[in-house]
Amino acid sequence: MKKEIASFKVNDRAHEVLITPNMTLSELLREHLGLTGTKNACGAGECGSCTVLVDGKPILSCSTLAIAVQDKEILCIEGLSRGPELHSLQEAFIDAGAIQCGFCTPGMIMTAKAMLEGNPNPTRDQVKEGLGGNICRCTGYVKIIDAVMGAADTLSKGGK
Amino acid sequence: MTEKLSVVGKRVPRWRAHDKATGTAKFLADTKLPGMLEGKILFSPHAHAKILKIDTSKAEKLPGVEAVITWEDVPNKLFNPNKLDLILVHPELEFKDTYVLSEKARFVGDRIAAVAAVDAATAQEALELIEVEYEVLPAVFDPMEAMKPGAPKLHDFAENNISVHFDFPVAWGDAEAGFQEADIVVEETFRTAKNHICQFEPCTCMADFGADGRLRIWSPSQHAFLHRRKIAEIFDMPEGMIQWITPHVGGAFGKYGSLSIEPVCVALAKKAGRPIKLELSREEDLFATEPRQRYVSTGKIGLKKDGTITALQEKIIVDGGAYYTHNFSTTAVNMGGFLGLYRCPNVAAEATCVYSNVHPTGGVRGYGNHEGTCMLEQLVDKAADKLGMDPLDLRLKNAKKAGDPSSTGIPMETCSFEEMIKLGAEKIGWKEKRARKKEDGPKRYGIGIGIAMDVSGAQPFNIQHRNAFIKFNEDGSVNLLLNAADLGQNIIGAMAQIAAETLGLNYEDIHVVTGDTDSTLYDIGQHASGGCYQIGNAVINAAEKAKKQLLERAAKKLEAAPEDLEVREGHVYVISDPEKTISVGDVSREAMYNFEGEHLNISGQGSFSPVQNPPPLSAVFTEVEVDIETGEVKVLKILYVADPGRAINPATVEGQLEGAIAQSLGYVLTEEYVSNRETGALESDNLNTYKVPSTLDMPETEVVLYEEPVPSGPFGAKGIAQGAMIAVTPSIANAIYDAVGVFVTDMPATAERILEGLK
């Protein structure tokens, strides 16, 4: 298959990668950039675990071609924290007990981030709605929703 | 227990929560070994077929392919992927019927061949170049058909495809006499759901034979030591030549109670002489790894007019699939749940385990008890209906109390079903809601209850042996060494809390080493909710031994007797004179760097083999709305009252219960594992067709921890994780029965089935 060099901007860093036209974004992140925080649980766009943000919008990286997101702002879970300083959502997920096996967590947090940017003060039902495409097998979602509500509160008070 | 607890009972962050929140936690799919090849498995497209010829030459010639294996390359040795034959006190009902790769396919998805190549795409391409000549055999997909004379036969030893017929080994009383004595008898036949674990991380394994001749396996096993022994037997190796490393586990729920793809991965690594990673896709995980057994089970309950249960009986056909795996063990547990939940003087059960050409089944959360208890709890509601009694009162009438035997037959140290049921009923407004008008247009409303007891391990049926080791560092922190897989249930965090509490240290002072058979002591593994109760006791044992050494050293420094000292938050104090103190770090460091001699690394090895098996208790209340025009069931509210003994970490205990609520919702309403009736191929083949509940399916939930510390438990704790679905499922079914009178016998209760029931 024909390969070409393409440039990407991931977590504020520029990368040039030799890609094939059929390479997915999740493959680019996981296999070529070593950013394995983004997970693949179904490979078919059904579960949300591969969610990353492209220009601030949540997209399913398993069902998105890398070639389509060249030069866009890609943000994945590794770009959310700054060294030891965690994003409010990450803190809230830890504190609320919203993580069990942790496989869905990165996608869940990325979806929540985009949601809170669009709606900084959601109701519980709006959070449920917003996370409807992200499947978790372990938690029953109660503490995930608690965490997102908690993070919304922190962020609206000026937290990071 | 009156002592004040400073770490146990606190909502501290779970072990490695930070890594999971930041994406730095490495699961196997995130890991690569230098020189690693990727493997792919060729699965049978036929439900039943004999391989006449298999030509791998084209696949082997494909550039990038390093190894191709078929049944001819693997040990000619049968095994059972279920580990229990190694620890069952009576293993005679376990059968070995599985090869690493088979010459005969017995279901769509059976393992025929495997390839190792430089990357997954090349391995996939090579699979397509393997030429297999099959003799397609007639197949049978239904256990009733499979038992008929002349049905296609799956395994030579199993006449009429029956692997075994057995009676409940520890029945009591006289069931027939008990039914004679009864005023009413209720009997129903159920078909339980064959649902899939669908853990979120697809099944993955790595294996490598090192230059030192040792085999290293990386796999999210729940039983590293038992599975190591299985691999050692299959590949004829000494156990010590195998190192089993358990990484982060992306959900398990019983999945890794069986060997899954490890034997294929090891066989590929052996042939290729290179490290191998084998990673299933979601589709492969669904069709090629074990879902729950389907039971076709007839349950019978006899009662006096006053509601006293006089007899219980269960006759089970186990639709176990193409291989035996957990058929006996889950079914025996099913019987224990069905027969042992209530006081009943006369019980009997029998089961027939049947092979057919459907996907083989394994141990899934609830492990038989889920289905057995669910059937019983539904029968209890039907009986209450027939007697004109409130189902809640019927339960109270027959509920077990402290001192009664649990479902394992061991007398219970504590048992407060009565208080838990009353508490829940009060909270949810049971009496008013049962009595209210239940209609609004096409909507009908109902409320149901389910209760359950589970286990804290598999005493007395299995060997249950646990070990832990504690060693102090110079700074007064400790390493806690144990082999417990954190499957999401937070066993590691809970063990660190128990160690900290026993030693008088802070939670942060405990650094856990786990997941490596080379550096930890033997442990039977994560099953039957035994971890917290059993390993917790081993940790206390280890911590007490280490603490004794610590206090003896500190006593010399403080010029006091060891028994006059206490340890709090990392410091040793003289109890009568707290001004006299020394840090644990100073004691530990001094013991290592003592230039006058008497060197010591303060440490302790703890062990535990249980006598008791205290059951966690559940009482669950569910409210539903059923649309009689569409058949759609909507769960409105679930209240879960649970007795975990002591919640070591209440947040993670609640998390287990909340997660189980979602899994029960899936089991009852949305998760249907469907195979094609003509071909046997799985139709619910990814998450778009196998519907795991999302946030949008979740009702309002409330969890109440009714903590009654059990004397034999670590700080009073029992197990909780495995049993958490068991009472939820029947509470939903009973709420549907209350709402519309449809008695759900076939799970899941899809809209079609509800409409059918309404006719």
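**Note on the predicted two-chain model**

1. Salt bridges overall. Over all chains, a search of the whole structure finds 51 salt bridges. The model is predicted. One of these salt bridges links D486(B) and R14(B), whose closest N and O atoms are 3.9 Å apart. The cut-off for a salt bridge is 4 Å. D486(B) sits in the loop between β19 (478-481) and α14 (491-503) of chain B, while R14(B) is in the segment before α1 (17-22) of chain B, so the pair ties together parts 472 residues apart in sequence.

2. Extent of the A–B interface. Contact involves 40 residues of chain A and 51 residues of chain B. About 3,700 Å² is buried between the two chains. Carbon and sulfur atoms give 58% of that area.

3. Polar and charged pairs across the interface. The rule finds 24 residue pairs in polar contact between chain A and chain B, both residues being at pLDDT 80 or more. Six salt bridges cross the interface of chain A and chain B. Side chains of opposite charge can pair when their charged atoms come close. E671(B) and R137(A) form a salt bridge, with 2.7 Å between the closest N and O atoms.

4. What chain A brings to the contact. Five helices of chain A each supply at least two residues of the side that touches chain B: α1 (25-32), α2 (88-95), α3 (105-118), α4 (124-130) and α5 (142-156). By class, the residues on that side of chain A are 19 nonpolar, twelve polar and nine charged.

5. Five-stranded sheet in chain B. The order is β16-β17-β25-β26-β27. The sheet is open and its pairing is mixed. β16 (439-440) and β27 (700-705) of chain B are the edge strands, each pairing on one side only. β16(B) pairs with β17 (443-453) of chain B in the antiparallel sense, over two bridges. D440(B) stands opposite K443(B) in β17(B).

6. Helices on that sheet. Which strands does helix α17 (residues 650-670) of chain B lie across? They are β26 (633-643) and β27 of chain B, and the helix runs at about 135° to β27(B). Helix α18 (residues 728-740) of chain B also packs on the sheet. α18 of chain B touches β17, β25 (617-627) and β26 of chain B, and its direction makes about 150° with that of β17(B).

7. Three-stranded sheet in chain B. This open sheet has the order β4-β2-β6, with antiparallel pairing. β4 (104-105) and β6 (131-136) of chain B stand at the edges with a single partner strand each, so one side of each has no neighbour in the sheet. Strand β2 (residues 49-55) of chain B is joined to β4(B) by two bridges, and the two run antiparallel. Here K50(B) stands opposite K104(B) in β4(B).

8. Strand pairing in chain A. β1 (residues 4-10) and β2 (residues 13-19) of chain A pair antiparallel over seven bridges. V10(A) has R13(A) in β2(A) as its bridge partner. Two residues lie between the strands of this hairpin, and N11(A) takes a positive phi near 50° there. β1(A) is also joined to strand β5 (residues 73-75) of chain A, by two bridges, and these strands run parallel. In β5(A), E73(A) is the bridge partner of K9(A).

Definitions and conventions. Residues are numbered from 1 along each chain as its sequence is written. Chains are lettered from A and ligands numbered from 1 in the order in which they are written. This is a predicted model: local features need pLDDT of at least 70, side-chain atom pairs count only at pLDDT 80 or more; totals for chains, interfaces and linings use all residues. Side-chain values use heavy atoms; hydrogens and water are left out. Contact means heavy atoms within 4.5 Å. Buried area is the accessible area (1.4 Å probe) that two parts lose on being put together, summed over both. A salt bridge is a side-chain nitrogen of Lys or Arg within 4 Å of a carboxyl oxygen of Asp or Glu. A polar contact is a pair of N or O atoms within 3.5 Å; within protein, one must be able to donate a hydrogen and the other to accept it, and residues adjacent in sequence count only if both atoms are side-chain atoms. Helices (H or I, at least four residues) and strands (E, at least two) are DSSP runs, numbered from the N terminus. Ala, Val, Leu, Ile, Met, Phe, Trp, Tyr, Cys and Pro count as nonpolar, Asp, Glu, Lys and Arg as charged, and the others, Gly among them, as polar. Two strands pair if DSSP finds at least two bridges between them. Axes are lines fitted to C-alpha atoms, for helices over the stretch in contact, and angles run from 0 to 180 degrees between N-to-C directions.
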